[in-house]
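The structure goes in first, and my notes come after.

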Amino acid sequence: MKKEIYSREHRAYLKKLKLKRALVILVRWFILLAALAVWEILALFKVIDPFITSSPSRVVKTIVSLYREKTLFYNIGVTLAETFTGFAAAVIIGYAVAVALWMSETARAVLEPYIVVLNSLPKIALGPLIIIWIGTGYTAIVFMTVIVSVILCIMNMLAGFMSVDETKLTLMKAMGAGKLTTLTKLVVPASLPAFMNTLKVAVGLSWIGSVMGEYISSKAGLGNLISYGGQVMRLDLVMASTAILCVLAAAMYLIVALIERITVKQY
Amino acid sequence: MLEFNNVSYSYHTRSGETAAVCGLSFKVERGQFVSVIGPSGCGKSTILSLAAGLISPSSGSIKRKSDMGYMLQKDALFEWRTVEQNLFLPLEIKGKNTPEMRKRAVALAQKYGLGDFLKKSPSQLSGGMRQRAALIRTLAAEPEMLLLDEPFSALDYQTRLEVCDDVQAIIKSEKKTALLVTHDISEAIALSDKVTVLSSRPAHVLAEHDIDFASTPKERRNDPRFAGTFEVLRKELGI
């Protein structure tokens with residue numbers, strides 16, 4: 001790397017930028033730690049009832065005891081597997097359907113009202129049907145995850161495909177490219193930012209789908225722990241599972257964001 | 001090379017029918033640089049779409065070569081490809097993606113000052129350089145004829161003059177036939193062997209002028225006959 005020599009003014013400017021960034025990070029952490037501290041202190045002095053609200057130390061204790069009972073990673077693993085399978089299936093199916101819709105204007109016109117209605121339908125309403133049709137357990141939960149996120153994947157990708165620059169489409173046509181060539185050479189690469197955006201949306205929805213699926217019927221998983229903890233009034237378990245969900249969902253989102261940063265550099 | 005015989009074309013929309021071109025006849029000979037000028041909205045782009053075979057005439061006939069290169073107002077370079085990969089795009093699509101063809105495209109780029117930019121992203125190029133890359137891309141598949149749809153209108157004035165001169169020089173030295181549509185009278189005079197003046201919509205030919213004084217666009221602009229030709233064309237366009 002070449003070492004640049006900056007003017008005094010520019011160095012001051014850079015320093016100011018750095019300070020500002022550091023301040024933002026500092027305040028972020030401060031808010032989190034302060035909230036946890038207030039929560040803990042209020043619970044400690046019984047201002048709030050830790051049986052109802054739990055407390056950070058009790059959450060940590062619960063996680064440690066789950067670990068000792070060897071159920072912590074099992075439950076995390078179950079939910080992760082459901083979420084990831086559902087997420088991958090929804091993205092793949094959504095992409096394929098969007099491609100088919102892009103290919104045929106008639107199909108778009110015909111199917112549009114169905115997509116709109118399916119998108120606004122609260123998917124949890126399908127819960128009983130899923131149990132009856134598919135049964136309970138892993139497959140049913142994955143299915144739930146897919147139907148929660150697939151419609152948005154379709155809509156997002158189709159919007160990405162349709163917004164490809166008109167001039168570029170004309171250029172492809174003038175060069176004699178057919179529909180399939182236009183798809184592979186132009187539409188797919190041009191819609192990469194939309195694809196990354198779809199991944200981000202799908203990550204969030206997949207977590208909703210898998211936890212919702214576990215609420216409806218499950219034998220294990222973080223959603224199962226939350227639902228069980230709620231039924232037997234073990235709020236420590238509910239809080240602990242929620243905290244783990246927070247961390248996992250954030251981690252998955254960050255991974256997608258990182259992939260985005262690497263792949264869409266040149267757009 | 002290209003011949004329009006009494007060509008008409010209408011657009012159909014729900015609210016009605018618009019005649020864009022009506023009884024249009026003109027000819028472009030091999031090696032000629034022909035410009036078509038006309039008032040804005042007169043259906044100039046329709047003529048290029050017809051020439052490129054993107055649309056078929058409602059009536060009349062068009063004799064055309066199948067092998068045409070189309071250069072648009074916007075460069076339409078693909079941001080996710082390097083400049084070099086952009087040049088190879090028509091080769092890939094037309095099934096001409098052989099090492100020799102690629103080598104020729106690269107040689108063309110080097111000859112016309114894009115050599116240092118081949119591995120760069122289009123976003124690192126200036127507007128003029130981008131349009132030049134678009135021309136090399138059009139030439140890469142070695143089309144027999146070029147169709148130019150106001151390819152300079154998106155550039156600022158200074159770049160425009162520069163790129164306009166370059167493009168003319170490149171097209172002449174590669175001995176290509178070209179059809180340019182533009183609304184810019186001086187551009188048409190500076191570049192062409194023949195200028196065809198169109199009426200307002202529905203477009204048909206009002207007049208044709210052979211331009212034979214001076215040879216480069218720069219010399220033409222400085223030639224005393226330039227102003228006279230400009231006046232004639234301006235009157236014919238009714239501005």
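The notes below go through chain A and then chain B.

**Model.** I am working from a predicted model.

**Chain A, A:Phe45.** I looked up where A:Phe45 sits and found it in the loop between helix H1 (8-44) and helix H2 (50-53) of chain A. Is A:Phe45 buried or exposed? I noted a relative accessible area of 61%, and the cut-off for exposed is over 50%, so A:Phe45 is exposed. I then checked the surface around this residue. A:Phe45 belongs to a nonpolar patch with A:Val38, A:Ile41, A:Leu42, A:Leu44 and A:Val47. Together the residues of this patch have about 600 Å² of accessible area.

**Chain A, A:Leu158.** I went on to helix H7 (residues 138-162) of chain A, which holds A:Leu158. The relative accessible area of A:Leu158 is 15%. Which residues does A:Leu158 contact, leaving aside neighbours within four places in sequence? I listed A:Ala98, A:Leu101, A:Trp102 and A:Arg108. I also looked up the distance to A:Ala177, which is 19 residues from A:Leu158 in sequence. From C-alpha to C-alpha, the two are 20 Å apart.

**Chain B, strands S1 and S2.** Strand S1 (residues 2-13) and strand S2 (residues 16-28) of chain B are paired in the antiparallel sense, and I noted nine bridges between them. A hairpin of two residues joins S1(B) to S2(B). What stands opposite B:Phe4 in S2(B)? I found B:Phe26 there.

**Chain B, B:Gly41.** I placed B:Gly41 in the loop between strand S3 (33-37) and helix H1 (44-52) of chain B. Its relative accessibility is 55%, so B:Gly41 counts as exposed.

**Chain B, B:Asp75.** My last entry is for B:Asp75, in the loop between strand S5 (68-71) and helix H2 (83-93) of chain B. With a relative accessible area of 14%, B:Asp75 is buried. How far is the backbone nitrogen of B:Leu77 from a polar atom of the side chain of B:Asp75? I wrote down 3.1 Å. Not counting residues up to four places away in sequence, B:Asp75 touches B:Arg130, B:Gln131, B:Ala134 and B:Arg137.

Note on methods. Residues are numbered from 1 along each chain as its sequence is written. Chains are lettered from A and ligands numbered from 1 in the order in which they are written. This is a predicted model: local features need pLDDT of at least 70, side-chain atom pairs count only at pLDDT 80 or more; totals for chains, interfaces and linings use all residues. Side-chain values use heavy atoms; hydrogens and water are left out. Helices (H or I, at least four residues) and strands (E, at least two) are DSSP runs, numbered from the N terminus. Buried means under 20% relative accessible area, exposed over 50%, partly exposed in between (1.4 Å probe, protein chains only). A polar contact is a pair of N or O atoms within 3.5 Å; within protein, one must be able to donate a hydrogen and the other to accept it, and residues adjacent in sequence count only if both atoms are side-chain atoms. Contact means heavy atoms within 4.5 Å. Two strands pair if DSSP finds at least two bridges between them. Patches are made of residues with over 30% relative accessible area and no salt bridge: like charges are joined within 9 Å, nonpolar side chains (Val, Leu, Ile, Met, Phe, Trp, Tyr) within 5 Å. Accessible areas come from the Shrake-Rupley method with a 1.4 Å probe; for residues, only the protein chains shown count as cover. A salt bridge is a side-chain nitrogen of Lys or Arg within 4 Å of a carboxyl oxygen of Asp or Glu.
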